[in-house]
Amino acid sequence: MIPELGHFALWLAAMAALAQAFAPTVGLWRNRDDLADLAVPTALAQGLFTGLAFVALAYAFIISDFSVKLVAANSHSMKPDMYRFTGVWANHEGSLLLWVLVMALAGVAVALAPATLGSRFRARVLSVQGFVSLGFFAFLLFASNPFERLIPAPTEGVGLNPLLQDPGLAFHPPLLYAGYVGLSVAFAFAVAGMLENKVGPQWARATRPWIAGAWALLTLGIALGSYWAYYELGWGGWWFWDPVENAALMPWIAATALLHSIAVVMKRDALRAWTLLLAVAAFSLSMMGTFIVRSGLLTSVHAFAVDPTRGLFLMLLMALYIGGALTIYALAAGRVAEGRQFALVSRETSLVANNLLLSAMLGVILLGTLYPMALEAMGGAQISVGPPYFNRTIVPMLLVAAVLMGIAPWLGWKRSATGHLARRLLPASIATAAAAVVAVLLLDVRGIGAILGFAAAAWLGAASITILVRRGLTFNSAGMALAHLGVAVSILGATASGALQREALVALRVGDSVQMGPWRAELMDVRPVAGPNWTAIEATLYVQRNGRPVGTVTPQSRMFIAPAQETTESGRTGWRMGEVYAVLGKPDGSGRWQVHLWVKPLVRLIWIGGLLMALGGVVALGGRVRALALRRRKLVTFAEPQAA
Amino acid sequence: MRSLAIALLLAVAAPSVAEPPPPPDVPLSDPSAEARARAVMSELRCLTCQNQSIADSGASQAQAMRTEVRTRIAAGEDPEQVRAWFVDRYGDWVSFVPPAREDTALLWAAPLLFLAIGLALVARRFRR
Amino acid sequence: MARFLWLIPLALFAGLFVLMFGGLGKPQQAVIRSHMIGKPAPEFALEGAGGRPGLATADLVTGKPVLVNVFASWCLPCAVEAPQLQALKDGGATLLGIAVRDTPQNVAGFLAKHGNPFDRIGLDTNGRLLLGFGASGVPETYVIDGRGIIRYQHIGEVRPEHVQMLLAELEKAK
């Protein structure tokens, strides 16, 4: 019964989306306010019914109702409670339901937030959101119904891919989707801005918080995904330039560029058309990313829940939304003047340079990801474009960007003086030189890339801290400096964990130990252990550094029961932002176990940097919230004397 | 391809006829040779996996490829020769480093090309 | 000129769309064909198994084309293709086997159960010879001409519809 109610709620939500899409459109066209005013209640209804549908599906998963086909195919009664719940979105239909849920909630948020651009504009934004939701509801209801029954119901489910039975699954997809869908708000604002001819500083001020929020969520989602892959896939890497990773990175880069260019629209009313294009592109790339992940178009290590048969439907949706938005763009962008001029040395120019670098990176990643497919489609050779290509092309651009990011915040708008730069950047310059010297002399780093990495991290980190410790710090500049500091911290983590890494591949008997520089690991024990739905062989290694205990690592080789599948679970222990990472291999038949050990200094900084970036986005949002609160208070104080 | 899919299905359906696990890796005794071998491994693509390098894969054939890499490095071949040996047998697909040829010119030119296009657009704006 | 510029994003997307549309429904796993076609078979010499003498490169250079079948006792499709291999033998082909990552006992057991169409069998204990042929998995079947040049590669198991085709490839290699 509950699944049928969920199905029904999904239909109601789709109807609400239909009304949300068309009523305001007709209302705005015919100047019928009663119809336009339907935008808010329909958005709220869509949120409510989608929420109910989601609860119904989650309920079916939690009670293991195997008469629901989706539950039977993806769950198992012996699965721990938490994974029975997170299993809701570890499959195609459920993740799509999560997607429309987040989208509906974004609509609710827009409906409830103050309509700073007027109720007409809000109705337009909500109708665009309704249109986008509608297509995904149609996809759910006609091609991926999550509530489909299975008769007769099996007594047991198939189970969930063991790699997904991890806390990472609880947070990574929802955060990523919240980020993607948050960008749909920016998309709706852009389309509404073009249709209503309202693109300017006001529009930018209203749009920017949505972008900052979506960007922060996307940053968290990607950082978490990277961390998850790092400890779960079990070979110590944290970024593989895999198509699925690139699919998430591309909208993030577009959103990053957008976040910077919209500041130019907001402060100086310039770069309007370019900013609109980025707003459209960011969400379009999100949709494309989801499509690539779901359709199995490109071969990926992360491709779970792949279903090529539904690719066509998703493609048509994409054509409709992206094609539609870009057609509106082609028609409207000519009308949107590029705005005011600025001098070569100015904050605007530095932001243009930022956008130039980010766009080039985006282009390279897009091209590299699709090139093998395109070449083969044209009858060319089968090639692979992998990490070596992306590292050689993207990393240099990132380093250039890091240098600019240190300077740009000190430049003034419109036309900047340069006299103060030398003094302001003195701490960063000293830090850069110190970092290079330490890397070469003390850490014995020889690779030019690694030395540049340390230097860039020091430069950007010191420059950002210089801003943070200044007096009169605004929310906006604090957020910016925090996010930039986050980039510096991530660069430091990535450089140090790569350049200073130690690795050993050894066969050990219990009691044997292995030495890696100052590090020493001793195999204490190998024994069987049992979990809720798996059994494992677990090794215990005791790790010391210069004779002092650091901790123990317990890598496992796990055998899951349903579905029957073997996985390796890495064993890790922390040491000052770094990690000792161990993977247990096979026995060699003579009582020795193969152990793969890594020492990765500062590796945790990679994700801590991601957290800092997201935090920066949230702080920048805080400025907007405070401004709104201040304005409301002002309105109240103006209103009171009149009332008295 | 269909036959491969069926083969996969059959392999999954009958776990009793399992492929024997690959033997453990034996690293080269010379650490610098082992490091060179690792570098090559991380840039060769596993044939039976989904977008993984042979350094990261647990597949039997990846293990055989690692052994081949170590043997060749130990015999004194340099990393480029080892890579070329694999490319001779499996084509460019097996290397994660795309070749530098006419058909990949756009790929390798992309970073500078995109920056140049962007600069041209920006310059147009400044002139106006 | 300016109006044309605004159409560029749409045009780029249209291009992407066509590319992705074309890629839709293609198999996930790429089939990597051997690049050894037209080149001499690799140098090797393997121990025998299953009551057959061992296999070496010289055994491929006999002046008449042969089929080299890569198989393993643990490989299920290899059992599926056994009747077709027999049919190929009955059709006049010389079959030489390479048993991959296998043991003599298991190979003997496999052949006892599914039949032994091979004149010679080489035991490739660590799977390295597979790399020499540019093979991407098991089973595969190669046509080698009388001079020891690899002429044709068949990926996956030999199904009934492939028998005539392989015999024709053998004929072509003469």
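The average pLDDT of chain A is 88, and 96% of the residues score at least 70. Residues 638-644 of chain A, however, stay under 50 and have zero contacts beyond four places in sequence. Where pLDDT is low, the predicted coordinates should not be read in detail.

Chain A also touches chain C, in a contact that takes 24 residues from chain A and 19 residues from chain C. On the side of chain A, α11 (272-295), α12 (311-332) and α13 (347-377) each supply at least two residues. Of the elements involved, α12(A) gives the most, with ten residues. By class, this side of chain A comprises 16 nonpolar and eight polar residues, with no charged residues.

A further feature of chain A is a set of paired strands built around β4(A). Strand β3 (residues 519-530) and strand β4 (residues 534-545) of chain A are antiparallel and share eleven bridges; they form a hairpin with three residues between them. Within β4(A), Ile537(A) is the bridge partner of Pro528(A), and Ile537(A) is also partnered by Ser557(A) in β6(A). Strand β6 (residues 556-560) runs antiparallel to β4(A), joined by five bridges.

Strand β5 (residues 548-553) of chain A is likewise antiparallel to β4(A), again through five bridges, and here Val543(A) stands opposite Gly551(A). The hairpin of β4(A) and β5(A) has two residues between the strands, and in it Asn546(A) takes a positive phi near 50 degrees.

Notes: Residues numbered from 1 in each chain as written. Chains lettered and ligands numbered in written order. Predicted model: local features only at pLDDT ≥ 70, side-chain atom pairs only at ≥ 80, totals over all residues. pLDDT = per-residue confidence, 0-100. Contact = placed C-beta atoms within 7 Å. Helix = DSSP H or I, 4+ residues; strand = E, 2+ residues; numbered from the N terminus. Nonpolar A, V, L, I, M, F, W, Y, C, P; charged D, E, K, R; others polar. Pairing = 2+ DSSP bridges.
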